[in-house]
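Thank you all for coming; I would like to take a few minutes to walk through one model with you. Please have a look at it first, and then I will go through some of its details.

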Amino acid sequence: MKSKIFRARRLPAHGVESGWEALLPSRTPTPELDRAITVDVVVIGAGFAGLSAAVRLSDLDPKLSVAVLDADVVGNGASGRNSGFLIDLPHDISSGNFGVDGVTKSRKDILVARTAIQHYARLAEENDWDRAIFDPSGKYSVAITATGTDHLAAYSSKLKSLGEPHQLLAGKEIAEITGTRSFKSGLFTPGTVMVQPAALVRAVADLFQEPVKLFERTPALSIQTSSSGCIVTTPKGEVRAGRVILATNGHAESFGFGSGELLHVFTYASLTEPFAPSALRGFRKWGATPAAPMGTTVRRINGSDGDRILIRSRYTYHPKIEVGLGSIKSAGDLHDRKFADRFPAQRHLKMQYRWAGAMALTRNSVPLFGQVADGVFAACACNGIGGTKSTAAGIAIAELLVGHRSKLGEIFLTFEKPQSLPPRPFTNVGARLNLAFREWRAGRE
């Protein structure tokens, strides 16, 4: 087999610190790799996918030596910038045709999501994580308009056909939970887990012990494949391994994998300054996704310094996989309006943190999964809902490497390959127009 080298054309650039990371105590990163080592498997990326792959490899073969490399510190990447919803149900079952094929697809989506949630639930139980990290509290979907209420009613109908427990809530009922009368209705589903995403990935990373090693601030600069295995070079060292797991989401394209197939989209969040719990009625902890796709996600969290509200909204396309301060400011202006619309009595509160987080989408909404080169396996392109989808992809790719069969693995092996995107100029224009249209259609939601 002829040797081949895949060089990284760019490295991750996450931008300003996320609020989740800022709220955590300081942590000493693991040492960067400064020598040559040899392992069985090297995992590139220490987010949801990479960490779950390493954990699953260790579960399946405790003797397997694994090196996990991350270009940044754990928690500062896209996984730690997530809104913190581990959602067990598909978002879109209330739209379009919902016949036999729709039911089958939804049940597969649910199995994928719940496998990921069960993965973290086991770790939480074994390691006594508190609810500040992992909280199986369920979530709400909320409607601020009559159209949103209709959407929740349609969603409820489909959940009934799947036999999934849920509860529709009238305006007064959702007000008792959220502390605001701005929402016209809500829908509660019990299976979602709320997490502090930066704390979650930190907690998983801190579990590793020999023969699994984590090297932070260690970007992979190139991957060389040959008949004798793979070599991953870093700024100060290299890793020789039999196989490589690429768990870098959209940055797979930086190595040439998924080229012309991945859409690089950013979403944005703002987190208020702390306020006294008595300043807002309702529950002190809850999370709500919007009734309309591309709408506004809201969370209330509580800590030792008081309570805070998180607002997440706005999606933008950035083919260079990084955003500037101007994009964050523009999204922040929108967040301020969304916050005031939902919490008019608290509109005086300032946003203390604003940040962006990357996701990777494909045209046909499938992951970049499986063997992508000799010895190189990908678990990339989350297509949104990264907390569960990326985690499940990491578990499935680990199982594929060691030949372990599972229902989860069978689902991932049935996915089509990502479809090619139109030529770049058309993709750039089309992606931006599509995102703008979807945001406009979501309206106040």
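I will speak about a cavity, a helix crossing, an aromatic pair and a pocket.

This is a predicted model, in which local features need pLDDT of at least 70 and side-chain atom pairs count only at pLDDT 80 or more, while totals for chains, interfaces and linings use all residues. Residues are numbered from 1 along each chain as its sequence is written, and side-chain values use heavy atoms, with hydrogens and water left out.

A cavity is a set of points, on a 1 Å grid over the protein atoms alone, where a 1.4 Å probe fits but cannot get out, and lining residues have an atom within 4 Å of a point. H2 gives the most, with 3 residues.

H2 also meets helix H8 (residues 386-402), where the axes, coming within 7 Å, cross at roughly 40°; these axes are lines fitted to C-alpha atoms over the stretch in contact, with angles running from 0 to 180 degrees between N-to-C directions. Contact means heavy atoms within 4.5 Å, and among the residues that make it are Phe48 and Ser52 of H2 and Gly386 and Gly387 of H8.

Turning to aromatic rings, those of Phe, Tyr and Trp (its six-membered ring) pair if their centres lie within 6.5 Å, with planes under 30 degrees apart counted as stacked, over 60 as edge-to-face and the rest as tilted. There are 6 such pairs, one of them formed by Phe369 and Phe412, which is tilted at 4.9 Å centre to centre and 45° between the planes. Phe369 lies in strand S19 (residues 368-373) and Phe412 in helix H9 (residues 407-414), 43 residues apart.

Finally, the second largest pocket, an open set with protein on both sides within 12 Å along at least five of seven lines, has a volume of about 420 Å³. Strand S16 gives the most to its lining, with 4 residues.

Notes: Helices (H or I, at least four residues) and strands (E, at least two) are DSSP runs, numbered from the N terminus. Grid points are joined across faces, edges and corners, and a volume is the space filled by probe spheres set on the points.
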